[in-house]
Amino acid sequence: MPSRPGRPTTILLDEVEEGRSEDRFDIDPDHLDLGDVDFEFEGPVGVTLRVVRSLQMFTVSGSLGATVRGECCRCLAEARAPVRGQMQFLLQRKEATEDEVAAVAEEDEVEIVDPGVKEVDLVERLHDALVLEMPLRIYCKPDCLGLCPRCGEDRNRVACSCADQVDDPRWEVLARLKQQTSQRS
């Protein structure tokens, strides 16, 4: 699929042939302006971009994939998580009436551009597709036990006995109830 050299996220519309075309490339996360996420990217973002052209109608779809790194939200150890995103929209090059432009103004899946437009940059759409799939939290492992809230030990490495101690007066009634229940058994 034709794109500008050095800018794989730009589609040169006149050079896209009729039918289906596909391109795979890696892009630096900084190029997608992903500085607003809470994690670091371990490498480039892999992109598979597909365009189906029929006259002046372009169906553009893409798959994105990357790995993010950060602190486990439970134990603060280094953690990694895959991030996968999808995008799809219909691009039509034509002279549109004001009503047609107004009708698709709020739509993310449809875009009408002037017949003279020669290229379309997908950076914003790729950014949005990936950011929408970013995890809120990442874990070093699915069953991470986290840090003990009392002594701060990593419960994945050390078994502390703090969990058995109840010092918070708000929990005393429940502790007594638990003790009474266990004595009856």
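I started with charge: the protein chain carries 23 positive and 38 negative side chains, and the centres of the two sets sit 10 Å apart. Here Lys and Arg count as positive, Asp and Glu as negative, while His and the chain ends are not counted. Each charge is placed at NZ of Lys, CZ of Arg, CG of Asp or CD of Glu.

A note on what I have open: it is a predicted model, where local features need pLDDT of at least 70, side-chain atom pairs count only at pLDDT 80 or more, and totals for chains, interfaces and linings use all residues. Residues are numbered from 1 along each chain as its sequence is written, and side-chain values use heavy atoms, with hydrogens and water left out.

**Overall build**

I looked up the elements and found 3 helices and 9 strands in the protein chain. They are DSSP runs numbered from the N terminus (helices are H or I, at least four residues; strands are E, at least two). Along the sequence I read β-β-β-β-β-β-β-α-β-β-α-α.

Next I checked the dimensions: the C-alpha trace spans about 80 × 35 × 25 Å along its principal axes. The radius of gyration is 26 Å, whereas a compact globule of 185 residues would have one near 16 Å. That radius is taken over C-alpha atoms, and the globule rule is 2.2 Å times the number of residues to the power 0.38.

**Core**

I noted that 31% of the 185 residues count as buried. Buried means under 20% relative accessible area, exposed over 50%, and partly exposed in between (1.4 Å probe, protein chains only).

The largest nonpolar core has 37 residues, and Phe 41, Val 45, Val 60 and Leu 122 touch the most other members. Such a core is a set of buried Ala, Val, Leu, Ile, Met, Phe, Trp, Tyr and Cys residues joined through side-chain atoms within 4.5 Å. S7 gives the most to this core, with 6 residues.

I then followed Leu 122, which touches Thr 9, Ile 11, Leu 49, Val 60, Met 87 and Phe 89, leaving out residues up to four places away in sequence. Contact means heavy atoms within 4.5 Å.

Which strand holds Ser 61? I found Ser 61 in strand S6. Ser 61 counts as buried because its relative accessibility is 15%.

Ser 161 lies in the loop between helix H2 (123-131) and helix H3 (172-184). Ser 161 has a relative accessible area of 46%, so I logged it as partly exposed. From Val 131, Ser 161 is 30 residues away in sequence and 41 Å away in space, C-alpha to C-alpha.
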